[in-house]
Amino acid sequence: MRFTVAIDGPAAAGKGTISRVLARRFGFAHLDTGLLYRAVGKRVMGGDDPLVAARSLTAADLAAPGLRDPEVAQAASRVAVIPEVRAALVDFQRAFARTEGGAVLDGRDIGTVICPGAEVKLFVTASAEVRARRRYDEDMAAGHALSYDDVLAEVRARDDRDTNRADAPLRPAEDAVIVDTSQMSVDEAVAEAVRLVEARL
Ligand code: CDP
């Protein structure tokens, strides 16, 4: 059985949480595509050329410590504007999307570019302030020292870069269901996602 769920949206919107629950509940494989860009960004921070890094990513790069750090997020969004970097990551993502038994991929361009034929497409969003609050709470729990204002600025800078790049900008696919989690609990957002998948399975 091949079944692809595409979950896109801006930074810290709740894509990861929703994806993990769907994967567990339906037995789908899950790929957090942001990790690919974070791994490239981290290697570039270490002095590598972005394209060389994107073409030679290893499992160790994807398990490197600190991939969730805010400075790595910024480095990720800077390499993510480079068309050749994006192109180098396409085949891996598309092959993953066809995993036997189903797959859920979350990112920025899954429903628009990577898997335009995905059976279910969600665009998960929330106000920048709500997303920054969630990311601030996560960062605090992980021991990062950014203030709420710093986190809000980080989220806005990334949203701006991700939305305004020429190649695969962040935007909902025409047939995506928009889930705005500003006023929704995580449980409500997850329930909505589960309903959409069940309706298509
Ligand atoms: O976890 P968060 O939503 O903050 O970010 P992420 O999903 O880990 O993505 C980090 C950065 O990678 C984003 O800001 C994008 O610039 C880039 N990215 C992308 O361009 N395309 C994707 N499919 C996934 C991430």
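In helix α9, the residues V151, L152, E154, V155, R158, D159 and D162 are buried, where buried means under 20% relative accessible area, exposed over 50% and partly exposed in between, with a 1.4 Å probe and protein chains only. Seen down the axis of α9, these buried residues fall within an arc of 160 degrees, so they line one face of the helix; the arc is that of the directions from the helix axis to the C-beta atoms. This is a predicted model, in which local features need pLDDT of at least 70. Residues are numbered from 1 along each chain as its sequence is written.

**Helix α9 and its cover**
- On the other side of α9, D149 and N164 are exposed.
- The cover over the buried residues of α9 includes α2 (34-45), α5 (70-79) and α8 (128-141), helices being DSSP runs of H or I with at least four residues and strands runs of E with at least two, numbered from the N terminus.

**Where α2 meets α5**
- The axes of α2 and α5, which are lines fitted to C-alpha atoms over the stretch in contact, come within 7 Å and cross at roughly 100 degrees.
- Contact, meaning heavy atoms within 4.5 Å, is made by residues including Y37, R38 and V40 of α2 and E71, V72 and A73 of α5.

- A166 lies in the loop between α9 and β5 (177-180), and at 81% relative accessibility A166 counts as exposed.
- The C-alpha atoms of A166 and V81 are separated by 7.5 Å, although these residues are 85 apart along the chain.

Notes
This is a predicted model: local features need pLDDT of at least 70, side-chain atom pairs count only at pLDDT 80 or more; totals for chains, interfaces and linings use all residues. Side-chain values use heavy atoms; hydrogens and water are left out. Axes are lines fitted to C-alpha atoms, for helices over the stretch in contact, and angles run from 0 to 180 degrees between N-to-C directions.
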